[in-house]
Every structure is written in structure tokens, then in C-alpha cells.
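Hi there,

Here is the structure I promised to pass on. My notes on it follow below.

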Amino acid sequence: MERRQFLKNSGIAGAGFVFSGTKAWANYADARIEVLLDEPKGEISPNIYGQFTEHIGGVIYDGVWVGEKSKIPNRYGIRSQLLDLMKQIHVPIIRWPGGCFADSYDWKDGIGPASKRPRRTNFWEGDHDAIRLYEKGPQIFEPNEFGTNEFVRFCKLSGAQPYLAANLRSLPALDFDQWVEYCNSPAGSTTLAEMRANDGFPEPFNVRYWGVGNESWGCGGNFTPEEYASEFRRFTTWIPKYGIDLQLIGSGPNGNDIDWTHRFFEQLYSDHAYHNASFTGWSVHHYASDLSRGKTKDWVSSKGDALQFDAVDWYELLRESNRIEQIIHDQWAVMGQYDTQHRVKLVVDEYGPWYREGTELDPTHIFGQQVTVRDALATALTLDTFNRNPDKVSMATCAQLINNLNALFLAHEDRFFATPNFHIFAMYAAHQGGQALRTEFSASDVQYLRDGESARFWGLNGSASRKGQVVTLTIVNPDLSKTTETQIALRGSRVIRASGSVLAASDMHAHNTFDQPNAVMPANLAVTMSDQLLNVSIPAASVTKLDVVLG
Ligand code: AHR
């Protein structure tokens with residue numbers, strides 16, 4: 001099939017792009033990928049591979065924190081198996097303590113001797129999901145066993161940097177300043193530094209990343225954008241620095257709420273322009289939650305099920321997840337109208353599918369849900385989108401690390417396993433710090449019937465990056481039934497060798513459990529090479545990673 005005809009049939013918007021050396025492409029290929037080595041797009045920040053942990057349900061208590069006296073193997077109270085696997089995937093940054101919890105949290109409750117720390121009512125006690133909890137454990141009455149010291153230790157042990165979310169709704173700005181002082185003031189310098197030393201940490205934590213409120217349009221205060229902008233000014237006008245290059249992240253929109261971003265930036269930059277070099281991040285939250293196919297906008301009833309779903313739900317979930325691309329472009333365009341130098345980048349610090357309750361592994365796991373191969377594809381296509389936009393997205397944290405929405409791990413008491421999402425992060429870790437490369441995908445759209453109407457979704461997409469002589473190419477095939485015979489060209493250098501791995505499952509509902517922890521995991525994928533083209537059979541419903549060594 002000719003290239004022009006091929007694109008016409010596929011419905012791909014590939015205008016202006018011409019394959020070079022077309023004679024080399026084989027006729028039998030269903031899809032073609034061209035990696036343009038001479039067109040770097042910028043460095044992929046390792047920080048887009050971050051994780052989010054909140055004091056909600058089973059994330060901290062049961063997930064991360066088992067306690068120093070536990071029989072469950074732990075280091076300083078932190079689950080050892082979790083630490084080991086986090087190191088494997090090079091988690092660069094962890095966000096904490098929320099989420100909505102952050103704006104009800106007093107950091108001073110979580111320092112000092114554990115036995116003296118107060119118990120407080122957790123933000124989530126009134127949530128619909130919490131109502132099923134008959135025993136009011138740490139999910140409802142926060143024991144504060146896990147506080148700033150424990151969190152920073154967790155970061156150190158897992159090799160990550162801390163990203164703290166400050167309370168803007170229910171504490172004054174001075175508390176924010178003093179939390180920074182507790183974390184960062186030099187040994188012996190302040191009373192708070194002495195308190196930190198008494199807790200066993202004389203040296204400063206040097207925390208660079210600080211969120212200024214969370215979802216300030218909702219649980220973080222129900223502010224208007226103008227009100228939030230004025231709070232943001234107040235909270236960020238003076239913060240002690242101690243020579244640290246602080247990075248402040250503002251509470252951005254719900255999904256693609258353009259109005260929130262417009263009005264915040266307008267307020268911040270118009271009257272008396274805001275000059276603060278530390279304001280470098282604008283957070284975005286995008287949950288793929290609405291699987292109602294347009295039937296309702298109700299937050300609860302529009303959700304689908306994590307395990308019971310049909311083929312249309314499969315594509316709907318991927319389509320909802322894929323909205324992140326548009327969000328990034330739209331938000332970036334709005335911000336650029338005010339911040340013309342684009343000093344402020346996007347920080348997607350909550351993302352993932354969100355299903356209705358019912359698949360949590362324990363009743364205490366508020367928002368806990370199972371993670372199938374469908375979610376692995378959603379996560380992979382999201383990471384690919386970040387990789388393709390390295391100039392715009394500086395950081396991202398997946399919601400959430402363990403026992404929650406789009407978890408990499410599920411655990412209860414002494415049982416623990418990695419979900420398919422963990423394997424995606426393992427496969428994609430090679431992109432961290434790589435130079436993103438423009439990559440063109442040409443494949444027929446997937447076509448399917450959605451409530452009697454014909455619907456489409458892209459047939460193949462992904463991202464590529466280069467580190468030295470090694471190119472990493474990741475590819476998502478959303479098609480539930482078609483193995484896609486794919487040819488890949490790397491323009492601009494000779495290929496010496498290539499190897500592949502793939503995460504796929506014949507059942508779209510496949511997931512790991514305590515009894516079958518390895519039901520979904522990557523396998524090797526054969527890659528052949530002919531005339532400098534790579535040939536690979538990409539299985540249906542899969543995520544592929546290729547490692548290509550250049551000459
Ligand atoms: O991740 C769960 C919750 O979702 C977070 O606490 C909140 O920020 C968001 O609405």
C-alpha cells in the first residue's frame with residue numbers, strides 16, 4: 001500500500017511528514033514507526049516518574065508503614081519489599097502527605113516522640129468509601145506515627161526526593177514557613193533545627209519541592225481562582241531558603257479547567273506582576289473516571305468497575321486517560337499568555353484511572369482498587385505523553401503508590417505484590433533523563449461500536465528517547481484483537497542490535513493477586529532486523545519496550 005493510501009485508510013493526521021527511503025518499507029507491515037534521531041525535543045525529566053502517597057485508607061498505614069516492631073520485614077518501620085522494588089524502578093520523587101489530607105494536616109502533629117503525638121480525625125473520615133469501616137483504625141483517627149521524619153527517611157531509603165504539600169486551607173502562612181524551617185534550617189541554627197536533631201536528624205533535609213495547597217478549587221478551600229491567587233501570593237512572598245533552590249508548585253486545575261488557570265494567572269500577573277523565581281510548577285490532576293459514555297456527569301455513578309468491563313469500557317478508559325495530551329497543550333497555551341518565558345512548567349501530580357469501590361483488597365483501603373492490564377496501558381500511554389512533551393511537563397506523580405487508585409503495589413499485613421503498573425514503570429525507567437526524540441507512528445485506527453455508533457481510537461502510539469548510543473522506544477497497542485506487524489526505522493544512525501520486552505495478556509481483565517502475583521508480567525519479545533529496519537510483532541492489548549543500540 002502506498003504511504004498516501006496507507007495514511008488515508010488509517011485516519012492518521014500525518015500531514016507534512018514524509019517517510020524517507022520508502023522503498024525499504026515492507027508491504028506486509030500493518031504499522032510503521034520512524035524515530036528521528038536528529039530531532040531531539042529536550043531532556044525527559046526523571047521527576048515525571050514520581051509517585052504520590054497520601055494519608056488515606058491503606059496507603060500509609062498497611063501500605064508504606066508497618067511499624068518498627070512489626071514482624072513484617074521493615075527498615076525503620078517501612079515495608080522492606082516496597083523499598084526494594086521502588087529502588088528497582090528508580091522512583092525519583094514522592095509527593096506527601098496529600099491530596100485532600102494535606103489541607104487538614106498540621107505537620108507539627110507528626111514530629112517529636114511517637115508516643116506523644118496527638119491522634120486526629122483524618123480528612124477522609126466522612127467519605128462515602130470510609131462509611132464501610134466498622135473499626136475506626138488509623139484510616140479514621142490518624143495516629144501520626146508517620147510524620148515528616150518518617151517520610152523523609154522513606155524517601156532516603158527508596159532513593160527519592162521529597163515533595164511536600166503545604167496546608168493552605170486550614171493553617172496560616174507562618175506554619176508553612178516553619179515547616180520549611182523545620183526541614184531545612186542548618187544543624188544547630190534554630191529551635192526547630194534542634195527539635196529535628198532531638199528526633200534523630202541533626203542534618204537538614206534540604207527539601208526543594210513544595211506544593212502550595214492542593215485542589216484549592218475543591219477540598220483545598222473551595223477558593224475562586226482570584227482568592228487562591230491572593231492566598232498564593234501571601235504564602236509564597238517570603239519562605240526561608242537557606243541557599244536551597246526552592247521549587248513552588250501552585251494548585252492548578254481540575255482536569256482541563258481553562259477558566260481556573262486563566263483567572264489565576266491573570267490575577268497573579270496583571271495588576272502588580274508577581275516576581276518569584278521559585279514559582280516553577282503548576283499542578284494538574286487528571287483522573288480517567290467517567291466511563292458512563294455521556295449518560296451522566298455524576299461523580300459516583302459515572303465510574304466503571306476495575307474488573308468487570310467489556311471491550312467498549314476498555315477503549316473508553318484509554319480514551320479518558322488519553323485526554324492528558326490535550327490538557328497539557330491547552331494548559332500550556334493559557335499559561336504562556338501570562339508567563340511568556342514559560343518559567344512555570346506543568347506538574348501532573350495526580351493521574352490514573354478511578355473506579356467505583358468494590359475491588360479493594362481490604363475494607364480499610366479507601367479508594368483501593370485492583371489494577372489490570374487495561375490500567376497498565378493507561379499508565380503507559382500517559383507516561384508516553386509526558387515523554388513526548390519534555391519542554392512542558394517537569395514532574396508527575398502517579399496516584400497513588402500503594403493500596404489506592406492506580407497503584408504499583410497492593411499489600412495487606414504481611415502479603416504484598418506488584419501490579420502491572422509496577423512493570424510499566426520498570427520498563428519505562430530507561431527514559432528517565434533521556435533526550436526525547438520526535439517519533440512518528442503510522443497505524444490504522446482501532447474501530448469499534450460504541451452504543452451502536454462507530455468509534456475510533458488510535459492504533460499505535462508511544463515515545464522514544466536516547467541516552468548515548470542507546471535508544472529506548474515504548475509502544476502501546478490498544479487493539480484488543482490485532483497483533484500489529486510493525487516496522488521501525490531509526491533515521492540518522494546505523495542500528496547495531498535491538499532487543500524487546502512486552503507486557504501483554506490474552507484476557508483484558510488479567511491482573512495480579514496475592515495467590516498469583518506474576519499473572520501479568522513482561523516477557524521477551526523477538527526483534528529481527530532487515531536492511532536497517534526493525535521488525536516486531538506487537539501483540540494485541542500490550543505495551544512494548546525496545547532497546548536499540550546504535551553504531
Ligand atoms: O488521590 C485521591 C484524591 O483525589 C486526592 O486526595 C485529591 O487530591 C484528589 O481529589
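To start with the overall fold: of the contacts in the protein with a separation of 6 or more, 77% are between residues 24 or more positions apart, a contact meaning heavy atoms within 4.5 Å. Please keep in mind that this is a predicted model, in which local features need pLDDT of at least 70 and side-chain atom pairs count only at pLDDT 80 or more, while totals for chains, interfaces and linings use all residues. Residues are numbered from 1 along each chain as its sequence is written, and side-chain values use heavy atoms, with hydrogens and water left out.

The protein has eleven helices and 26 strands; these are DSSP runs numbered from the N terminus, with helices being H or I of at least four residues and strands E of at least two. Its radius of gyration is 24 Å, close to the 24 Å that the globule rule gives for 551 residues, so the protein is as compact as a globular protein of that length. That radius is taken over C-alpha atoms, and the rule is 2.2 Å times the number of residues to the power 0.38. Along the principal axes, the C-alpha atoms fill a box of roughly 75 × 55 × 50 Å.

On burial, 62% of the 551 residues are buried, using under 20% relative accessible area for buried, over 50% for exposed and partly exposed in between (1.4 Å probe, protein chains only). The protein exposes about 21,200 Å², and carbon and sulfur atoms supply 49% of that; the areas come from the Shrake-Rupley method with a 1.4 Å probe, and for residues only the protein chains shown count as cover.

The largest nonpolar core has 130 residues, and Phe154, Trp210, Phe279, Trp282, Phe386 and Phe409 have the most contacts inside it. Helix H10 (residues 373–388) gives the largest share of this core, eight residues. A second, separate core has 24 residues, including Ile33, Leu37, Leu534 and Ile538. Such a core is a set of buried Ala, Val, Leu, Ile, Met, Phe, Trp, Tyr and Cys residues joined through side-chain atoms within 4.5 Å. Leaving out residues up to four places away in sequence, Phe279 touches several others, among them Phe232, Phe264, Phe265 and Val344.

Strand E26 (residues 542–550) deserves a look: eight of its nine residues are buried, so the strand is largely enclosed by the rest of the structure. E26 pairs in the antiparallel sense with strand E20 (residues 470–477) over eight bridges, and with strand E22 (residues 495–504) over nine bridges, again antiparallel. Two strands count as paired if DSSP finds at least two bridges between them. Valine 470 has valine 549 of E26 as its bridge partner, and alanine 504 has serine 542.

Finally, some backbone details to check. Most residues other than glycine have a negative phi, and most peptide bonds are trans. A cis peptide bond joins tryptophan 96 and proline 97, with omega about 5°, and another joins glycine 98 and glycine 99, with omega about 20°. Proline 97 sits in the loop between strand E5 (93–96) and strand E6 (120–121), and glycine 99 is in the loop between E5 and E6. Aspartate 62 has a positive phi near 100°; this residue lies in the loop between strand E2 (50–52) and strand E3 (74–75) and is buried at 15% relative accessible area. Histidine 342 has a positive phi near 55°, lies in the loop between helix H9 (324–338) and strand E12 (345–353), and is buried at 19%.

Best wishes
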